[in-house]
Amino acid sequence: MDKFHKILSSAIPLPIENVDTDQIIPARFLKAVERKGFGDNLFRDWRYRKDSTPNPDFVLNNPKYSGTILVAGKNFGSGSSREHAAWAVYDFGFRVVVSSFFADIFKGNVLNNGLLPIQVPEDFLTGMFGTIEKNPSATFEVDLETQTIRNNSLGTEFKFDINPYKKECLLKGYDDIDYLLSLKKEIEAFEMK
Amino acid sequence: MEPTTLFDKIWDAHVVNKIEGGPSVLYIDRHFIHEVTSPVAFSGLESRGLTVFRPQNTVATPDHNVPTIEQHLPIREELSRKQVETLTTNCERHKIPMYGLSHKWHGIVHIIGPELGITQPGMTIVCGDSHTSTHGAFGAIAFGIGTSEVEMVFASQCILQPKPKKMRINVEGKLGKNVTSKDIALYVIAKITTSGGTGHFVEFAGSAIRSLSMEARMTLCNMSIECGARGGMIAPDETTFAYLKGREEAPKGAAWDQKVAEWKKLKTDENAVFDTEYTFDAADISPMITYGTNPGMGVGVEGSIPTGDDLTGSDRATFLKSLDYMGFKPGEKLKGKKIDYVFIGSCTNGRIEDFRLFANYIKGKKKASWVTAWIVPGSKQVEQQIREEGLVEIMESAGFALRQPGCSACLAMNDDKIPEGKYAVSTSNRNFEGRQGPGARTMLASPLMAAAAAVSGMISDPRE
């Protein structure tokens, strides 16, 4: 897993609620046996028209918006456990997803892929949407070390929660398997109980 | 001793280690795998030079990608075929038992686990599939995981998990005629929303739950993920034991008696505390139908789509976007709306009782001429039982054909896709945009509602 660094970036807004993982990546694009290229089909059915040409009304096709931060409406990532959704978001180039509420499995999946989910209060989220609407190149700062996200235009800051273990993993680029393998003796002893 | 919940008892008995301020290392008793979410985990494992730590605790079956007709032929679609072949070779290489397409035990992963007696009370069970919650019906902690976690279980038979909060949902009283556990599920989700259970593990309790059959309990626990919960569970009782007894992998002889004695202790103590608790009256539940694009957007069949007048801002925009996709207007009645497709099957409603309900309703009636119906058993064993019980003849004389087992139209990953703009009354679990095919309009319901829709060709009340 890549280490998570401080981020200063503009953000891409997706002010829709209950975005489920079938929208993030539809099942028909889950057929690969390798973990690459999923970003091409991120938000596939919103991003492309039926004839596979880009839908100009969708935010990812609007050249005004860019950045490594995705800002989404509440209850982002509900539904299927497909980790392909996390891979697609990461592969597209996002490193942070901000919402006022995340579904559990999706949240776990993104953390296991070096992508930071930041849960912010509803008013902070609304503030971000408002800022981006006024100025699509407005920047936001994310510092995992201090657990802060800053809206540079409004000068507002929010200190977000993250499990200390997961924070350490992201900062150092460690994954859970390295840790679990180090526990092999304890696991075998547990099985003998 | 402090009173504890069923969930705590099982969870605490499986904690190998706890990271200070972090997640627990949870031991996993059974790991189910399928072709879609396992290949990257296998390649990750192999790139670390590892093999599967406990292959005998793992069971594989291909279900998501498989066609539901002509299963004796090679899978036509190349990518699907490759995914199924990859599962086969991975299982051979890692000595994992696999029930492939030609096997008499093949089926949807959440159908075959219980029917083979692999799923048992008190276990921890995971699978790279959110509907793993199904297995909680046996009084197990069962939940869906991502592919990174599949790799963790391969490597160590453990995963790192923060302990969720606990919720109890009580349903008391007697269910009305032709109201099923699917209706309980859709009713509860409509009440608490699709994020109401997030961060929680749910125990279903109360007299209406106790009176449900094992299969009906599986339907309910299956749908618990749709309220955002990690999973749902029901304390094991005589219904559970009677279902399990004699199944292939269930304990036998003295071992059975010993296990049953242990399983009887698996229940929530009186006065145990839940973080959140809801109580519903079974008599308030009607046959349910969804009108929107998440499983929380459901109403009783006699009801109307909400007007949405009380909604503001992004809530209202999301509501209207959803109705626009469905081609519905706020405040409309659902009953009498013409439909195009009916799908009976999936890990939610693909068990023998579901087909009995369906067959019993359609017996002596005829399928509406404009309806396409896909009747898809959850497993080979279910298919066999449908044939043995003479349900196929009932279906055929009413104009329905039985297909072969698989996930089918639940998720538009195989050939069974609902065409754009068409309305499908589906016994599956998700009505998300495009879930059953790009542009498909899904209305979730019970097998009885689906049966009523199939013969009338419109949304109908199975109580009438």
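**Note on chain A and its interface with chain B**

1. In chain A, the mean positions of the 24 positive and 27 negative charges lie 2 Å apart. Lys and Arg are taken as positive and Asp and Glu as negative, with His and the chain ends not counted; each charge is placed at NZ of Lys, CZ of Arg, CG of Asp or CD of Glu.

2. The model is predicted: local features need pLDDT of at least 70 and side-chain atom pairs pLDDT 80 or more, while totals for chains, interfaces and linings use all residues. Residues are numbered from 1 along each chain as its sequence is written, chains are lettered from A and ligands numbered from 1 in the order in which they are written, and side-chain values use heavy atoms, without hydrogens and water.

3. The C-alpha trace of chain A spans about 60 × 45 × 25 Å along its principal axes.

4. Of the 193 residues of chain A, 56% are buried (under 20% relative accessible area, 1.4 Å probe, protein chains only).

5. Chain B brings 64 residues into contact with 51 residues of chain A (heavy atoms within 4.5 Å). The area buried between the two chains is about 4,600 Å², 59% of it from carbon and sulfur atoms (accessible area lost on being put together, 1.4 Å probe, summed over both parts). Val40(B), Arg48(B) and Phe432(B) supply 11% of the area that chain B buries against chain A, more than any other three residues.

Technical notes: Buried < 20%, exposed > 50% of the residue type's maximum accessible area, 1.4 Å probe, protein only.
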